[in-house]
Amino acid sequence: AGSIAFLAGDHPESLRVSVVDPVSGEVRAIGAGQADGPPVWSPDGQWIAYASNDGPRRVIRIVKPDGSGEK
C-alpha cells in the first residue's frame, strides 16, 4: 500500500498538500501551503505535482512524497 496525497486546511488560501501513510497513519505536510492545488502523482509514483502561489504568480511545484527534492 502506498501513501495517499490530499489537501488539508480550513480555507482555500491555507490549503496545503499533505501525505498520509495508510499503514502507520502518519500525516506529513509537504506542500508550500500557499493556496496549494490538488496533488497529482507522477506515473512512476516518485513525485507529486501541484499548483501553488509564489508571490503574485501561480506556479507548478513537484516534490517527492517525503517532502524532499522540491522543484
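A: Leaving aside residues up to four places away in sequence, Ser 18 touches Ile 4, Ala 5, Phe 6, Ala 8, Val 27, Arg 28, Ala 29 and Ile 30, where a contact means heavy atoms within 4.5 Å. This is a predicted model, in which local features need pLDDT of at least 70 and side-chain atom pairs count only at pLDDT 80 or more, while totals for chains, interfaces and linings use all residues. Residues are numbered from 1 along each chain as its sequence is written, and side-chain values use heavy atoms, with hydrogens and water left out.

Ser 18 is buried, with a relative accessible area of 4%; buried means under 20% relative accessible area, exposed over 50%, and partly exposed in between, with a 1.4 Å probe and protein chains only. Ser 18 belongs to strand β2, residues 16-20, strands being DSSP runs of E with at least two residues, numbered from the N terminus.

Strand β2 is part of an open sheet of 3 strands in the order β1-β2-β3, with antiparallel pairing, and two strands count as paired if DSSP finds at least two bridges between them. The edge strands of this sheet are β1 (4-8) and β3 (27-29), each of which pairs on one side only. Between β1 and β2, which run antiparallel, there are 5 bridges, and Ser 18 in β2 is the bridge partner of Phe 6.

Note on methods:
Helices (H or I, at least four residues) and strands (E, at least two) are DSSP runs, numbered from the N terminus.
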